[in-house]
Amino acid sequence: MAIRKIVTAPDPLLKQVSEPVEKVDDEIRALMDDMLDTMYDAPGIGLAAIQIGVPKRVIVIDISRDDAPAEPMYFANPEIIEKADETAPYEEGCLSVPELYEEVERPATCRLRYLDYQNELREIDCDGLLATCIQHEMDHLEGILFIDHLSRMKRSMMLKKLQKAKKLAATA
C-alpha cells in the first residue's frame, strides 16, 4: 500500500472519462488500497482513481467520523440505478480542488449498483452524506468536478483562487 500524488485542477486529466474495469482482481484491490491510504493521508472522505492519475471506474469512500472506527467502502464500475427527484444541498470540497468549498445541490437519495472489493455485484441505498459523496465521486469518473455544478462566475473565481494558491506554494 502506498500514498500517491493527488492530481489537482486545472489538470486536464481530471476531465477524462474513466474506463470500466473488467473485474476486481489483485491489481484493482491494490489500487483500491493505495487510494484508501492516499485518501486517509490527505485527509478526505472519498477518492476516485482518476484523482491519482488512473482513469479507471474505481472509488473508495469512508464517511465514518473521527472518533469512530474506519468503515472503508470500495466501488468498481458504480452506476446509479435510481435517484430521488428531491434534492439536498451540501457544502462540498474536493481533494483535487484543495481548500475550496461551495454548496452543491444533488439528489437526496440514490440506489447504486457496483462491484465490491471481492468482485461481488452489490446494490446499496444511499442517503445523506453517503449519497452526496458517492455522486461527487461518480462525477469524477465522467470528468466532472464539483465546481462544474456552479455558475460560470463562481467556478472561474474558484479556479483563480486555486491557481493563486499553487503559485504561492511554488514560490514558498
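This is a predicted model: local features need pLDDT of at least 70, side-chain atom pairs count only at pLDDT 80 or more; totals for chains, interfaces and linings use all residues.
Residues are numbered from 1 along each chain as its sequence is written, and side-chain values use heavy atoms, with hydrogens and water left out.

**View 1. An open antiparallel sheet of five strands.** The strand order is β1-β2-β3-β6-β7, and the pairing is antiparallel. β1 and β7 (121–127) sit at the edges with a single partner strand each, so one side of each has no neighbour in the sheet. From one strand to the next, the twist averages 40 degrees. Strands count as paired if DSSP finds at least two bridges between them; β3 (residues 73–83) and β6 (residues 109–115) have five. Across that pair, K83 stands opposite C110 in β6. Helices (H or I, at least four residues) and strands (E, at least two) are DSSP runs, numbered from the N terminus.

**View 2. Two helices against the sheet.** Helix α1 (residues 26–41) packs on the sheet and touches β1, β2 and β3, contact meaning heavy atoms within 4.5 Å. The direction of α1 makes about 40 degrees with that of β2. Helix α2 lies across β1, β2, β3, β6 and β7, running at about 150 degrees to β2. For these angles, axes are lines fitted to C-alpha atoms, for helices over the stretch in contact, and values run from 0 to 180 degrees between N-to-C directions.

**View 3. Helix α2, mostly covered.** Of the 14 residues in α2, 13 are buried, where buried means under 20% relative accessible area, exposed over 50% and partly exposed in between (1.4 Å probe, protein chains only). After α2 comes G143, with a positive phi near 80 degrees.

**View 4. Q51, tucked into a loop.** Q51 lies in the loop between β1 (46–48) and β2 (58–61), and counts as buried because its relative accessibility is 0%. The Q51 side chain reaches the backbone nitrogen of A48 at 2.8 Å. Leaving aside residues up to four places away in sequence, Q51 touches K5, I6, V7, L14, G46, C94, L95, S96, E137 and H140.

View 5. A disulfide needs two cysteine sulfur atoms within 2.5 Å, and a search of the whole structure finds zero. The sulfur of C126 is 4.3 Å from that of C110, its closest cysteine sulfur, so the gap is too far for a bond. C110 is buried at 4% relative accessibility, and C126 is buried too, at 3%.

View 6. Most residues other than glycine have a negative phi, and most peptide bonds are trans. E99, in strand β5 (residues 97–107), has a positive phi of about 70 degrees although it isn't a glycine, and is exposed at 70% relative accessibility. N119, in the loop between β6 and β7, also isn't a glycine and has a positive phi of about 70 degrees. The peptide bond from A9 to P10 is cis, with omega near 10 degrees, and P10 falls in the segment before α1. Another cis peptide bond joins A42 and P43, with omega about -10 degrees; P43 sits in the loop between α1 and β1.

Key:
A polar contact is a pair of N or O atoms within 3.5 Å; within protein, one must be able to donate a hydrogen and the other to accept it, and residues adjacent in sequence count only if both atoms are side-chain atoms.
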